Amino acid sequence: MTDTLTQIVMGTHRAGAGATASTYRRLWREYMRPHAPLFALAIGLMLVVAATTTYTTLLLGPAIENMFPGETSSGMSRLVPGLDRVAPGAGGGEASFAAILWIAGLAAISFLILAAATWGHIVLVVNIGERIVAEMQSRLYAHIVQFDLARLGSIHSGRLTSSFLNDTNVVRRSVSTAVTEIFKNGVTAASLILVLFLTNWQIALIATIVLPLLVGVLRQLGKRLRKLTRNRLVEAGTMTSIMMESLDGIRIVKAYGQEGREIARMDVAIRRRQRLEARAQRVQQIIGPVTEALSSLTVPAIIVYGGWLAMNDALTAGELVVAIAAAMRAYPPLKSLSRMQLVLTEGMTAAQRVFAILDEPPSIVEAPGARAIETVRGEIVFDKVSFAYADGTPALRNLSLRVAPGQKAALVGPSGAGKTTVLNLIPRFYEASEGRVLIDGVDVRELSFASLRSHLALVTQESFLFDDTISANIAYGKEGASTAEVLEAARNAHAEDFIRALPDGFDTRVGEHGMRLSGGQRQRIAIARAMVRGAPILLLDEATSALDTESERAVQTALARLMEGRTSLVIAHRLSTVMDADVIFVMQDGRVVEEGRHAELLSRGGLYARLFHTQFAGGAQTPPVPSEA
Ligand SMILES: Nc1ncnc2c1ncn2[C@@H]1O[C@H](COP(=O)(O)OP(=O)(O)OP(=O)(O)O)[C@@H](O)[C@H]1O
Ligand SMILES: [Mg+2]
């Protein structure tokens with residue numbers, strides 16, 4: 001359980017050096033290759049950018065040679081198409097204003113093409129990035145929602161939320177800008193360097209001699225940045241967790257006057273992230289000055305050496321200008337290339353976190369060839385079931401019980417006895433470590449999730465509602481539930497009256513977690529949701545605990561009607577609500593210690609009798625007469 005995923009999300013995991021390369025390959029294979037046509041288009045535009053950049057640089061050669069004729073011709077005028085038609089004899093040692101105008105016109109057109117291609121390229125690249133992040137978020141969300149409860153319980157939901165929102169965006173920025181910028185600047189720099197080599201290879205050598213140095217610096221910076229990025233993303237997760245937790249528990253925070261403590265807790269995380277961010281920026285931005293410094297060494301060297309060559313007639317003025325211009329124009333793409341390398345590192349670090357979540361196999365899976373059962377009679381059997389939660393404390397010990405089809409069975413017992421755990425094992429929220437859970441004699445592990453869960457209706461101990469309308473919350477129980485069904489369920493759950501009294505009736509939005517309703521109202525909506533499902537097996541965990549006696553009695557009557565012909569497993573602390581059960585299982589320490597009907601258990605004088613007498617001691621409540629079941 002405490003494994004790579006938890007380590008990566010918590011930042012205690014150290015990925016090996018090979019991880020970045022394999023992450024990059026995977027990103028390409030799964031997320032970028034599907035957009036290969038768009039990438040091809042982007043690369044095409046990028047080639048246009050590189051070509052026009054190079055061409056506009058090259059045009060300086062013929063321009064100079066036509067301004068200052070008389071030099072030995074370098075043949076650079078051949079680069080200008082149509083020049084001999086516009087200005088016959090241009091480049092042949094004669095000054096020609098027509099040639100200069102023609103070259104200037106070509107330069108203007110090239111620059112316009114360059115601008116248009118740059119715009120198209122950026123738009124495309126941003127688009128690809130958005131598609132990639134969308135795909136990644138879809139997969140991530142689907143995977144997280146399908147995690148089992150044990151897995152979800154081991155990582156704070158804030159950390160998963162942060163990965164979903166934050167990590168994916170770091171990946172996007174990295175992929176969309178870095179990848180294509182790297183191509184664009186790589187091609188531009190390469191072609192300018194090629195121009196240098198074609199102009200004069202000695203000058204080219206001087207200009208490129210510093211490149212290996214740059215690569216070495218980048219390696220070192222990348223290593224530092226990887227670690228900083230990892231910690232930054234972990235800190236973002238911490239911040240999200242704190243935010244979610246303090247807002248979820250805002251009433252407790254306020255009631256206990258702990259706003260200051262929460263603010264301080266968040267401040268620590270914010271400051272830590274800020275420091276990491278600042279350090280990462282220092283690392284990333286150092287690459288600009290480094291390339292600047294390198295170019296400050298090479299450009300003067302080219303001037304000196306090129307000047308010396310020119311003075312000895314080994315280089316024309318046009319060639320010298322082109323060489324210097326090419327060297328100077330090659331540096332910004334080289335600079336950006338280096339910075340993008342670091343942005344890429346950042347993205348791969350974030351992608352590793354995303355992949356760690358995506359690679360986490362569900363621990364509870366459908367068996368190969370899991371089957372569906374169409375109709376269920378509703379027999380529930382626990383056969384020597386043992387179970388422990390992740391921390392290892394046993395919650396169920398060798399527990400056996402049987403609920404016959406159509407029976408109303410009750411689980412009672414002290415808090416922590418394992419009642420909720422029994423209910424958790426039926427829909428396979430958790431997996432029994434030993435023994436079997438059977439429905440109609442079929443091991444739940446042999447059934448498909450969809451089939452198994454379609455036969456169950458669950459009301460949990462905490463009634464959870466979605467931030468939606470009341471009718472949507474009730475209709476959640478059954479796909480395509482009609483208005484009439486929702487209404488009937490609400491009526492049976494004794495909820496119709498209070499719903500009608502609300503300003504928007506069934507269309508009232510209940511707020512986050514159903515905050516705008518009272519506890520008892522929430523519980524009745526939850527019951528209505530289970531009623532609408534119409535499943536043959538009902539699992540009710542303290543379903544009526546938040547209701548006043550009168551409502552409870554009314555809901556009990558409705559539930560009794562609902563339970564007719566269905567199997568129900570009901571947990572109740574208030575024993576008055578289960579006195580009429582067909583069978584009562586009394587649990588203690590993960591075991592069934594007594595079982596039978598109310599009267600039998602009472603006369604046995606064991607745990608049940610004790611619980612019963614404690615509840616009705618002192619005449620605070622009169623034990624109600626069990627109704628005829
Ligand atoms: N998600 C969990 N992770 C770890 N331990 C858990 C978890 N849920 C419950 N437990 C432990 O398992 C034991 C049984 O819990 P369970 O919720 O089944 O009790 P219960 O009988 O429903 O109690 P109550 O009447 O208070 O609801 C308890 O000791 C509890 O601490
Ligand atoms: Mg419980």
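A polar contact is a pair of N or O atoms within 3.5 Å; within protein, one must be able to donate a hydrogen and the other to accept it, and residues adjacent in sequence count only if both atoms are side-chain atoms. This is a predicted model: local features need pLDDT of at least 70, side-chain atom pairs count only at pLDDT 80 or more, and totals for chains, interfaces and linings use all residues. Residues are numbered from 1 along each chain as its sequence is written, ligands are numbered from 1 in the order in which they are written, and side-chain values use heavy atoms, without hydrogens and water.

**Exercise 1**

Find the polar contacts of ligand 1 with G416, A417 and T421.

Solution.
1. At G416, a polar backbone atom is 2.8 Å from an oxygen atom of ligand 1.
2. At A417, a backbone N or O atom lies 3.2 Å from a ligand 1 oxygen.
3. At T421, a side-chain N or O atom is 2.4 Å from an oxygen of ligand 1.
4. Of the 630 Å² of accessible area (Shrake-Rupley method, 1.4 Å probe) that ligand 1 has on its own, the protein covers 64%.

**Exercise 2**

State which residues coordinate the magnesium ion (ligand 2), and where they lie.

Solution.
1. The donors (N, O and S atoms within 2.8 Å of the metal, or 3.2 Å for Na, K and Ca) are OG1 of T420 and OE1 of Q461, at 1.9 to 2.5 Å.
2. T420 lies in helix α15 (residues 419-425) and Q461 in the loop between β6 (456-459) and α17 (470-475), so the pair ties together parts 41 residues apart in sequence. Helices (H or I, at least four residues) and strands (E, at least two) are DSSP runs, numbered from the N terminus.
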